[in-house]
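Q: Hi, could you walk me through a few spots in this model with me?

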Amino acid sequence: MTAAPAELPPPAPGRIRLLSYNVRSLRDDRQALARVIRACGPDLVCVQESPRYWRPRGQAAWLARATGTVVLSGGGRAAAGPLLLGRPGVRVLAVHDRLLPKTRGLHARGFATALVEVAGAAPFTVTSCHLSLDADERLRQFGLLAGQLRYAGPGVIAGDFNEHPDGPGWRSLAERLQDGYPVAPWGGEMTSVPENPYQRLDAVFATPDIEVLSCGVPHGLPGVTGADLLAATDHLPVLAVLRLPAPGPGAAGR
């Protein structure tokens, strides 16, 4: 596995850590999963495959407690699996979760989206997504993602896209947004499968007004062990450090 740099860009006003992670319905080693997330120290977590059928709210709440975060939006049937978690202090201004049109015989899909605010930055949207395995349906879902960015200027879309970077949907999204890893590569590139990473299915995209400082799989990050990455789930996480635009005039009193 590729070793990550010893340090990430340090905390600063308007700077956040965002983690994207497919947790496979918490079917694997939950404690290993929680350790990986805590070690990454995220301000926001874009979760895919949050449990949908058996006590979805309770299981989302467990994951939040285990990782020192709170549920912001999505989860369960609200977004068909995607879930947004955030550290205490992330302010939710609005929720825009969305269930997508479903193709007969395929899994339901959705977007977990919230308009949020952190200290020292302008409000921005964040979306967690998990796109279809079917190529035609997936391409339509890529086309719908842009609509999740209409609620504010800055925005981030992160998730499991079930497509390679040379795919048509991925390429169309990368024409409008920054694909974090090529912009500021850090750590590892490939996200699937943990025991032999050979493909990049998971990514963090950001609007051009957000500065991507680093992005990649957190191999070698202090507290993130290879054993935990193997045991936690069937994807590797993507950790991005982002610098958000400054708040506009009058934001201090909001």
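Q: Is Leu133 buried or exposed?
A: Leu133 counts as exposed, because its relative accessibility is 64%; exposed means over 50% relative accessible area, buried under 20%, and partly exposed in between, with a 1.4 Å probe on protein chains only. This is a predicted model, where local features need pLDDT of at least 70, side-chain atom pairs count only at pLDDT 80 or more, and totals for chains, interfaces and linings use all residues. Residues are numbered from 1 along each chain as its sequence is written, and side-chain values use heavy atoms, with hydrogens and water left out.

Q: Thanks! Where is Leu133, and what does it touch?
A: Leu133 sits in the loop between strand S8 (124-130) and helix H3 (135-145); helices (H or I, at least four residues) and strands (E, at least two) are DSSP runs numbered from the N terminus. Not counting residues up to four places away in sequence, Leu133 touches Arg109, Arg138 and Asn162, where contact means heavy atoms within 4.5 Å.

Q: How far is Leu133 from Asn162, by C-alpha atoms?
A: Their C-alpha atoms are separated by 6.1 Å, and the two residues are 29 residues apart along the chain.

Q: Switching to H3, which residues are buried there?
A: Those are Glu137, Arg138, Gln141, Phe142 and Leu145. They lie on the same side of H3, because they cover an arc of only 145° around the axis, taken from the directions from the helix axis to the C-beta atoms.

Q: And what covers them?
A: The cover includes strand S7 (110-117), S8, strand S9 (155-160) and helix H4 (168-176). On the other side of H3, Asp136 and Gly143 are exposed.
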